[in-house]
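Hi everyone, thanks for having me. Please take a look at the sequence and the structure on the screen, and then I'll walk you through them.

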Amino acid sequence: MGVKDSMLLGAAAAVVAAGVVAPAGAQKMLANYMTLTTVAAQAAAQAALARCQKDGYTVAVAVVDRGGQPLAVLRDNLAGTHTTQTAVGKAATAVSFRTDTTELAAATQAGKVQSGVRQLPNVVAIGGGLMIRAKGSLVGGIGVSGAPAGDIDDVCAKAGVAAINDAIELE
């Protein structure tokens, strides 16, 4: 075997060894996380809508997964056309910023350090969007839109979360 062949063989051995031996402190390549199911999202949305209807409000409700993608959207047939998109935006904003939108609305008012957040695309900094947590993890969000004020939307959203809370905590 010549010098050139010996060098090629050595290089090939180094490549194989590098592929077999994991570097010290190797990072995981896949993530495992909890997120809401469509069944849970539908149950939460129905409970929130029922609460608002019971209180005399015509609203839309959206439940999103932990990535902010809609799983369930319900709209009272008399709710305004803007309410559906606003509900989805509130739920996704709560998930994205990992804070309820009532708190975000207060923190981002004009003159506050974080006021620029309101200028970001798809941010809905109005009360009515809540995070949904299970076993200490963020698993989704719920947004309600259409009541006369964000604090009323919050009440309905909380009813939606309460309707599934025990089931998702026990799962």
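Let's begin with a term we'll need in a moment: a disulfide is a covalent bond between the sulfur atoms of two cysteines. Here, a pair of cysteine sulfur atoms counts as one when they lie within 2.5 Å. Do keep in mind that what you see is a predicted model.

The partners are C52 and C156, with 2.0 Å between their sulfur atoms. Is this disulfide right-handed or left-handed? The torsion about the S-S bond of C52 and C156 is about 105 degrees, so the disulfide is right-handed. Now look at where the two ends sit: C52 is in helix 2, residues 38–54, and C156 is in helix 5, residues 150–170. They are 104 residues apart, and the pair links distant parts of the chain. C52 counts as buried because its relative accessibility is 0%, and C156 is buried as well, with a relative accessible area of 0%.

Let's zoom out to the whole chain. You can find five helices and four strands in it. Starting at the N terminus, the order of elements is α-α-β-β-α-α-β-β-α. Of the 171 residues, 37% are buried. Taking the contacts with a separation of 6 or more, 64% are between residues 24 or more positions apart. The accessible surface is about 10000 Å², and carbon and sulfur atoms hold 58% of that.

Next, the sheet. A quick reminder: strands of a sheet pair through backbone hydrogen bonds, either parallel or antiparallel. In our model the four strands make an open sheet in the order 2-1-4-3, and the pairing is antiparallel. Which strands stand at the edges? They are strand 2, residues 70–75, and strand 3; each has a single partner strand, so one side of each has no neighbour in the sheet. From one strand to the next, the twist averages 15 degrees.

Helix 2 lies across strand 1, strand 2 and strand 4, and it runs at about 25 degrees to strand 2. Helix 5 packs on the sheet too, where it touches strand 3 and strand 4, and its direction makes about 10 degrees with that of strand 3.

Let me finish with two single residues. T101 belongs to helix 4, residues 101–107. Is T101 buried or exposed? T101 counts as buried, because its relative accessibility is 0%. Its side chain reaches the backbone nitrogen of G128 at 3.3 Å. Beyond its neighbours within four places in sequence, the contacts of T101 include K90, T93, V124 and G129.

The other residue is V117, in the loop between helix 4 and strand 3. V117 has 15% relative accessibility and therefore counts as buried. Which residues does V117 contact, leaving aside its neighbours within four places in sequence? They are F97, L104, T108 and V123. Take F97 from that list: V117 and F97 are 20 residues apart along the chain, and 9.9 Å separates their C-alpha atoms.

Terms used:
Residues are numbered from 1 along each chain as its sequence is written. This is a predicted model: local features need pLDDT of at least 70, side-chain atom pairs count only at pLDDT 80 or more; totals for chains, interfaces and linings use all residues. Side-chain values use heavy atoms; hydrogens and water are left out. Buried means under 20% relative accessible area, exposed over 50%, partly exposed in between (1.4 Å probe, protein chains only). A polar contact is a pair of N or O atoms within 3.5 Å; within protein, one must be able to donate a hydrogen and the other to accept it, and residues adjacent in sequence count only if both atoms are side-chain atoms. Contact means heavy atoms within 4.5 Å. Two strands pair if DSSP finds at least two bridges between them. Axes are lines fitted to C-alpha atoms, for helices over the stretch in contact, and angles run from 0 to 180 degrees between N-to-C directions. Accessible areas come from the Shrake-Rupley method with a 1.4 Å probe; for residues, only the protein chains shown count as cover.
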